[in-house]
Structure formats: structure tokens, C-alpha cells
Amino acid sequence: MRNPAFTRRMVTSLTVAGCLIPLAFVAYRTLTGTLGANPISNLTNRTGLWSLRLLLATLAVTPLRRLSGWTWLMPARRILGLFAFFYGLLHLVVYLALNQAFSATLILGDLSRPFIIAGYLSFTLMVPLAATSTMGAMRALGPRWQLLHRLIYAVAILAVLHYLLLVKIDFQPPEAYGALLVLLLSYRIGASLRRRIAGPVSRHAQTRTTQTSGQSPQRSD
Ligand code: HEM
């Protein structure tokens with residue numbers, strides 16, 4: 001890329017604009033009263049679905065970058081993750097305010113449903129990820145940041161479980177999201193295993209090259 005700062009700004013702006021489209025769509029349908037026969041359920045489902053979709057999109061960025069070499073994709077990852085959190089928060093607010101009318105009895109009573117517990121757990125684990133998404137937090141946490149952000153896999157597993165547990169008739173959509181998640185997880189595990197296996201060999205090879213050429217070793221990322 002000729003101008004990395006310009007590319008970064010473009011990717012960031014386009015991702016933000018893209019992530020706002022579902023919100024604009026939902027707002028339009030709400031304001032025009034075209035959310036269908038069951039608008040509250042429609043609103044709950046749409047916000048939940050977008051949270052899950054953006055979560056999976058966040059997880060897809062690194063494999064896509066590695067397979068395609070499109071390094072310019074990277075700034076999109078943080079934005080996608082933050083919007084997954086934003087739609088999750090909206091989903092929770094719609095559920096608490098419109099489905100349960102902020103009634104403590106209704107909210108606590110619903111905790112007997114396993115899919116509700118999976119939803120709360122998934123959202124709760126998203127909070128530290130969103131809170132530490134800044135460069136400052138990344139610098140402050142150092143290597144622990146990466147470790148903490150592996151929580152995104154638990155978030156996604158719980159979100160798919162939440163979806164699987166709540167459907168009663170058509171299992172195909174949650175199964176499709178589950179299959180995509182398995183694919184992304186398999187890629188991640190495969191890449192990590194390959195790095196572990198290649199690590200000592202490449203380090204050994206690098207040491208040999210360094211010894212014979214007299215050069216200093218370099219990082220291969
Ligand atoms: C914060 C706690 C959460 C609560 C209390 C909650 C609650 C609900 C409820 C009541 C429904 C509608 C169920 C029905 O139609 O019978 C729903 C649907 C859904 N939720 Fe959640 N949820 C939570 C978190 C999440 C999170 C974090 C995600 C995704 C990352 C998510 C994704 C979904 C999806 C995909 C659906 C189904 C959409 C559809 O059927 O089209 N939820 N949730």
C-alpha cells in the first residue's frame with residue numbers, strides 16, 4: 001500500500017459505515033412501524049443476529065489476512081469487535097426494556113432458561129474485551145492483552161450455544177453459524193499447532209544461518 005495512513009483511515013471509515021447500516025435499517029423499520037406482526041421479537045432477534053454476525057466477522061479477519069496477504073484488513077478487526085459489543089448491548093437493552101419491561105421478577109424468572117444464561121455469559125465476557133480495546137490498554141497489558149482477547153472464542157461459542165438453545169423448529173441458521181465458528185476455530189488451532197511445530201525447527205535453522213553468515217537473527221512474523 002502506497003499510503004498506509006490513508007488506507008487505514010479508509011478501511012476504518014468504510015467498516016464503521018458498514019456496521020451502521022443494520023442500525024439505520026432497524027431504526028427506519030421501527031420509526032415507520034414496519035417491523036412486522038411481532039416488532040419486539042423482531043427487534044430482539046435482529047440485534048442478536050447482528051451481534052453474532054459481527055463477532056464471527058471479527059474472528060474471520062486474521063485468517064483472511066493470512067490466507068490472502070491483505071494486511072490492510074487489520075484495522076477493521078477492532079471496529080467489527082466493538083460493533084459486535086454495541087449490537088449485543090442493544091440486544092440486552094431491548095430484552096430488558098421491551099421483553100421484560102425492567103421487571104425484576106420477570107428478569108430473574110427468565111434465568112431458569114439455559115439459553116438466557118448462555119446469552120448473559122457471552123455478553124459478560126464481551127465487556128472486558130470492549131473495555132481493553134484501546135491502544136493504551138494494549139500497551140498497559142502487554143502480552144496479557146493477547147491472552148485476555150482469546151476470550152473472544154468463548155464469547156462466540158456461548159453466543160452460538162445461546163442461539164442453538166433458543167430455537168425450537170428451524171435449527172439450520174444456528175447450525176450454519178456454528179459450522180462457520182468451527183471452521184474459524186479449526187483454522188486458529190491449526191495455525192497455532194503449525195507455529196509450535198515449526199518454532200523449534202525454524203529457530204534451529206535460524207541459529208545455524210546466523211552462525212554461518214555472522215548475521216543477527218530476525219523475527220519472522
Ligand atoms: C445479554 C444477555 C442476552 C439475553 C438476555 C438474550 C436474550 C435473547 C432473547 C430473549 C432472544 C429471543 C428469543 C426468542 O425469540 O424466543 C434472543 C435471540 C437471539 N440472541 Fe440473544 N440474548 C443475550 C445475549 C446475546 C448475545 C451476546 C448474542 C450474540 C453475540 C445473542 C444472539 C442472539 C441471536 C442470534 C438470537 C436469535 C435471532 C433469531 O432467531 O433470528 N444474544 N436473545
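With 19 C-beta neighbours inside 10 Å, F123 counts as partly exposed, because the cut-off for a buried residue is 20 or more. This residue lies in helix α5 of a predicted model. Leaving aside neighbours within four places in sequence, F123 is in contact with G88 and L92.

The chain has an average pLDDT of 90, and 89% of its residues score at least 70. Where pLDDT is low, the predicted coordinates should not be read in detail.

Helix α5 runs over residues 114–131 and has 18 residues. From its first C-alpha to its last it reaches 27 Å, close to the 26 Å expected at 1.5 Å a residue. The buried residues of α5 are A118, G119, S122 and M126. These residues cover an arc of only 100° around the axis, which puts them on the same side of α5. What covers them includes α3 (74–99) and α8 (151–166). On the face turned away from the buried side, α5 carries the exposed residues T124 and A131.

Two of the C-alpha distances in the model are set out below.

| Pair | Separation in sequence | C-alpha to C-alpha distance |
|---|---|---|
| F123 and V155 | 32 residues | 7.1 Å |
| A27 and L43 | 16 residues | 9.7 Å |

A27, in the second pair, is found in helix α1 (residues 4–31). This alanine is exposed, with 11 other C-beta atoms within 10 Å; the limit for that class is 12 or fewer.

Which residues come nearest to the ligand? Of the 22 residues around the ligand, they are N45, G48, G119, F123 and A159. G119 is also one of the buried residues of α5, whereas F123 is partly exposed.

The shell around the ligand draws at least two residues from each of α2 (39–68), α3, α5 and α8. Helix α2 gives the most, with eight residues. By class, the shell has 11 nonpolar and 11 polar residues, and no charged ones.

Notes: Residues are numbered from 1 along each chain as its sequence is written. This is a predicted model: local features need pLDDT of at least 70, side-chain atom pairs count only at pLDDT 80 or more; totals for chains, interfaces and linings use all residues. pLDDT is the predictor's confidence in each residue, from 0 to 100. Helices (H or I, at least four residues) and strands (E, at least two) are DSSP runs, numbered from the N terminus. The expected span of a helix is 1.5 Å times one less than its number of residues. The arc is that of the directions from the helix axis to the C-beta atoms. Two residues are in contact if their C-beta atoms, placed from the backbone, lie within 7 Å. A residue is near a molecule or strand if its C-beta atom, placed from the backbone, lies within 6 Å of it. Ala, Val, Leu, Ile, Met, Phe, Trp, Tyr, Cys and Pro count as nonpolar, Asp, Glu, Lys and Arg as charged, and the others, Gly among them, as polar.
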